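I opened my notebook to get to know a new structure, one look-up at a time. Here is what I wrote down along the way.

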Amino acid sequence: MSSFNKYINGTDPASPVETYGYMRGLVKDPISGQMVPMVNPSTGMTTKFAVSGDPVNQIGWVDAAAADRRLMLSAGPFNMAPGDTQEVVVAVVVAQGSNPINSISALKAASVTAQTTYDLGFDIPSADQIASVYSRGLDSQIELFWSGELVGDVQYSSLLNEEYHFEGFNVYQGQTEVGPWEKIATYDVVNEVALIYADVVDPIAGGTQRIIIQNGTNSGLQFQRLVGYDTFTDQPLVNGHTYHFGVSGYHYDVNHMVEFTDLGGNFLGYLTPVLESPIVKIEEVPIASPGSVTDTAVHISGQSEGRVIIETIDQAAVTGHDYRITFADNGTWDLIDLTTGLTILNNQTNQSGDYNYPVVDGFMPRVFGPEPGISGWSWIGDRWMTGVDASLPQFFGGLGNGIDFFGSNVGRNDYKDVEIRLSLTATQKGIFTARTGQLLLLWLL
């Protein structure tokens with residue numbers, strides 16, 4: 001700014017000359033009607049900036065008399081030829097404390113952030129918001145679902161040397177569709193990061209305060225939440241009443257992590273910058289008779305110990321078509337709309353049975369794959385041998401996954417069907433090996 005000026009409603013500039021005078025930092029003399037220099041009553045010096053004191057600490061020239069103010073912020077003058085262009089960047093900064101005075105401290109802190117963002121050319125990391133949040137109303141309950149595309153996401157800033165890794169989801173309830181928002185759950189990655197602290201501006205105290213900014217518990221990521229209580233009333237949800245919820249994701253900066261301890265040296269968490277994405281909002285109504293919202297797909301062909309659960313999320317989007325899920329040898333699966341012949345989902349890998357699945361045509365297919373490893377054992381003929389009980393799940397405790405018994409670099413998904421033949425004529429390769437006083441027989445087929 002080159003000047004800042006004010007006048008009360010009703011004393012607005014009456015001519016171009018007066019308007020330009022206010023822009024230059026002058027004021028109108030009430031007696032002569034001329035535009036004259038402005039005087040700072042605290043210093044007695046002329047100035048181009050009205051009420052330039054510090055109202056928080058009551059220092060200097062402050063505007064103590066309330067009135068209907070008109071404010072004028074001016075920059076210039078600029079010498080411009082016909083056809084010239086002057087680019088102007090404006091930031092509208094909003095902040096609020098607990099009263100008008102400490103709101104100014106909050107506003108100044110927000111203004112610094114806005115200025116820093118501009119100075120960096122807006123080249124700052126930002127957390128993408130969650131793509132999809134769904135809900136369904138049940139009897140005195142609301143079930144929330146959200147998509148998991150943020151998992152594994154990393155945001156970089158070369159200018160700030162920042163590297164933000166995705167850490168978790170926050171679930172909120174809103175008192176209205178625009179808030180205020182109360183955090184009701186956090187689901188975070190299982191790692192060394194749990195509680196994250198930050199130094200934030202306390203508008204009441206007028207300084208910074210170190211607080212928990214993200215309260216992860218290493219609970220593991222989830223993509224579903226069943227809500228039965230209103231956090232604002234601490235009462236069960238009421239059927240027919242509209243409730244507001246939202247979900248966000250948050251990242252932490254791995255390049256500026258500092259361990260935070262108490263006075264006794266006990267580790268409390270990490271102090272590091274955090275990015276939290278905008279809250280994706282949704283409203284839902286619990287209903288007394290929601291009907292059937294979950295079903296199990298029918299296994300029609302092939303060998304399988306898995307299952308598919310169908311969750312109806314958006315009843316209005318359900319088509320009534322027939323669908324089929326097929327599995328490939330590499331473990332991926334496709335969802336085919338048999339009515340249209342179109343493949344809706346292909347090369348899907350998730351068989352965990354969690355809720356991190358796409359919602360298509362109003363429903364979510366949750367695929368539960370069988371537990372990798374040994375499915376079972378059987379024999380043909382007279383069985384004259386048994387297993388030594390080593391607390392393994394098959395063959396009387398003597399058959400199980402090697403990775404669970406003595407360690408192995410062979411993963412569960414690498415196992416094959418095995419047949420051992422004991423015959424006077426049919427030969428096969430076998431190896432005896434001694435280990436910790438035991439004799440192990442390994443068959444190589």
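**Entry 1: the second largest pocket.** I began with the classes of residue that line the second largest pocket of this predicted model. I noted 24 nonpolar, eight polar and five charged residues in that lining. In total, 37 residues line the second largest pocket. I looked up which of them lie nearest its centre, and found Met 1, Phe 4, Leu 73, Leu 107 and Ser 111. Helix α2 gives the most, with nine residues. For the space inside the second largest pocket, I wrote down about 1800 Å³.

**Entry 2: the whole chain.** Next I stepped back to the protein chain, where I counted three helices and 28 strands. Of the 445 residues, 29% count as buried. The accessible surface comes to about 27900 Å², and carbon and sulfur atoms account for 53% of that. For contacts between residues at least 6 apart in sequence, I noted that 53% join residues at least 24 apart.

Entry 3: I found Val 227 in strand β13 (residues 224–227). Is Val 227 buried or exposed? Its relative accessible area is 5%, and buried means under 20%, so Val 227 is buried. Leaving aside neighbours within four places in sequence, I listed its contacts as Ser 140, Gln 141, Ile 142, Leu 144, Ile 184, Leu 237 and Phe 245. I also checked Val 227 against Glu 182, 45 residues apart along the chain, and their C-alpha atoms are separated by 13 Å.

Phe 223 sits in the loop between β12 (207–215) and β13. With a relative accessible area of 7%, Phe 223 is buried. Not counting residues up to four places away in sequence, Phe 223 touches several residues, including Leu 144, Phe 145, Trp 146, Phe 169, Asp 354 and Tyr 355. From Phe 223 to Gln 86, 137 residues apart along the chain, the C-alpha atoms are separated by 49 Å.

**Entry 4: backbone angles.** I kept a reminder here: most residues other than glycine have a negative phi, and most peptide bonds are trans. Then I went looking for departures from that pattern.

- The peptide bond from Gly 76 to Pro 77 is cis, with omega near 5°, and I placed Pro 77 in the loop between β5 and α2.
- The peptide bond from Gly 179 to Pro 180 is also cis, with omega near 0°; Pro 180 is in the loop between β9 (162–174) and β10 (181–188).
- Gln 58 has a positive phi, near 55°, and lies in the loop between β4 (46–47) and β5. At 55% relative accessibility, Gln 58 counts as exposed.
- Phe 122 has a positive phi of about 60°, and I found it in the loop between α2 and β6 (133–138). At 54% relative accessibility, Phe 122 counts as exposed.

Conventions
Residues numbered from 1 in each chain as written. Predicted model: local features only at pLDDT ≥ 70, side-chain atom pairs only at ≥ 80, totals over all residues. Heavy atoms only, no water. 1 Å grid on protein atoms, 1.4 Å probe; cavity = no way out; pocket = protein on both sides within 12 Å on 5 of 7 lines; lining within 4 Å. Points joined across faces, edges and corners; volume = space filled by probe spheres on them. Helix = DSSP H or I, 4+ residues; strand = E, 2+ residues; numbered from the N terminus. Nonpolar A, V, L, I, M, F, W, Y, C, P; charged D, E, K, R; others polar. Buried < 20%, exposed > 50% of the residue type's maximum accessible area, 1.4 Å probe, protein only. Contact = heavy atoms within 4.5 Å. Areas by Shrake-Rupley, 256 points an atom, 1.4 Å probe, with all protein chains shown as cover.
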